[in-house]
Amino acid sequence: MRVLYKEFGLTARDAAEITADVVEIIKRRMNDEDAIRFLKSKYDGNKLHFAILMVGRLIGMSFAIQDVEKAKAIIADFS
């Protein structure tokens, strides 16, 4: 099994920097539009894709852990 950031052609340092920014987004409780603007101002290409994927996964997991109904709604979005 390969590490996700390597699938995007990123280094561990890239992944760490992006992770710090994702934590900042969550800490500030940014809405989707602000989070995307923030990430687009710092990244492009695969770094941006990795960052957006990471935000989505973390927030989705957080909702799923907090509330079963939210987890069902997230799954329904992808059905």
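A residue is called buried when its relative accessible area is under 20%, exposed when the value is over 50%, and partly exposed in between, using a 1.4 Å probe and protein chains only. The model on your screen is predicted, so local features need pLDDT of at least 70 and side-chain atom pairs count only at pLDDT 80 or more, while totals for chains, interfaces and linings use all residues. Residues are numbered from 1 along each chain as its sequence is written, and side-chain values use heavy atoms, with hydrogens and water left out.

Select Phe-63 to begin. Phe-63 sits in helix H4, and with a relative accessible area of 35% this residue is partly exposed.

Now select the lining of the largest pocket, which includes Ile-25, Ile-26, Lys-27, Arg-29, Phe-63 and Gln-66. This pocket has a volume of about 370 Å³, and helix H2 (12–28) and helix H4 (45–66) each supply at least two residues of its lining. Helix H4 gives the most, with 5 residues.

Finally, select the lining of the second largest pocket, where you will find, among them, Ala-35, Ile-36, Leu-39, Ile-52 and Val-55. About 170 Å³ of space lies in this second largest pocket, and helix H3 (32–42) and H4 each supply at least two residues of its lining.

Note on methods: 1 Å grid on protein atoms, 1.4 Å probe; cavity = no way out; pocket = protein on both sides within 12 Å on 5 of 7 lines; lining within 4 Å. Points joined across faces, edges and corners; volume = space filled by probe spheres on them. Helix = DSSP H or I, 4+ residues; strand = E, 2+ residues; numbered from the N terminus.
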